[in-house]
Amino acid sequence: MISIKNVNKWYGDFQVLTDCSTEVKKGEVVVVCGPSGSGKSTLIKCVNALEPFQKGDIIVDGTSIADPKTNLPKLRSRVGMVFQHFELFPHLTITENLTIAQRKVLGRSEAEATKKGLALLDRVGLGAHAKKHPGAALWWPTATCGNCARTVDGPDRHAVRRTDLGTGSGDGQRGAGRHGRAGTRRHDHDVRHP
């Protein structure tokens, strides 16, 4: 499903990723963890070329990220990501945030997109926030709505779903107890700490 092979990335003279390699199979849950500034987010963003890397290769569901012929918009439509910052549009309601990508990327009708978005909000107990704007909701509902926006298109839509979330203190010192366990740890990649 994902093959990361000797990926290296520099910001100027500073090397942030050094020979990162791993394989992730379909259905497997992998947690990339390490201290703040160690390159976790950078590595995750490289998986769909949100961050370019200078050396190595990443293959997602048989498609090489490093190949200049790769259709990145098509690849990105199959790679979901939940960011540390919830990236909700502040001028749109929660429902509008949940439906915009479904309509523009997936070509769903407004009615179908709204039905799916509202069903997911109800599923996580946030249906009452559907008509609010992100700034009007407390942090937890806003965060959850941001996560819903990345998952509303269904479990089979994405070849890969990557989550880049802070865990409370920024370094993972206390978040798991407050927000629940994200998954099981198979690999502990300390990418590179300066």
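Which residue in β3 stands opposite Asn8? The points below take this up, together with the sheet and the nonpolar cores.

1. The model is predicted. In it, Lys55 of β3 is the residue opposite Asn8. Asn8 itself belongs to strand β1, and β1 and β3 run antiparallel, joined by five bridges.

2. Asn8 has a relative accessibility of 3%, so this residue counts as buried, the cut-off being under 20%. Its side chain makes a polar contact with the side chain of Asp19, at 3.0 Å. Beyond the neighbours within four places in sequence, Asn8 is in contact with Gln15, Leu17, Thr18, Asp19, Phe53, Gln54 and Lys55.

3. The sheet is open and has four strands, ordered β2-β1-β3-β4, with antiparallel pairing. β2 and β4 (63–64) are the edge strands, and each of them pairs on one side only.

4. In soluble globular proteins, nonpolar side chains tend to be buried together. Here the largest nonpolar core has 17 residues, and the members touching the most others are Ile4, Val7, Leu17, Ile58, Val60 and Ile65. At least two residues of this core come from each of β1 (2–11), β2 (14–24), α1 (40–46) and β3 (55–60). β2 supplies the largest share, four residues.

5. Another core, of six residues, lies apart from the largest one; Ile94, Leu98, Leu121 and Leu126 are among its members.

6. Leu17 links two of these points: this residue is in contact with Asn8 and is also one of the residues that touch the most other members of the largest core.

Methods
Residues are numbered from 1 along each chain as its sequence is written. This is a predicted model: local features need pLDDT of at least 70, side-chain atom pairs count only at pLDDT 80 or more; totals for chains, interfaces and linings use all residues. Side-chain values use heavy atoms; hydrogens and water are left out. A nonpolar core is a set of buried Ala, Val, Leu, Ile, Met, Phe, Trp, Tyr and Cys residues joined through side-chain atoms within 4.5 Å. Buried means under 20% relative accessible area, exposed over 50%, partly exposed in between (1.4 Å probe, protein chains only). Two strands pair if DSSP finds at least two bridges between them. A polar contact is a pair of N or O atoms within 3.5 Å; within protein, one must be able to donate a hydrogen and the other to accept it, and residues adjacent in sequence count only if both atoms are side-chain atoms. Contact means heavy atoms within 4.5 Å.
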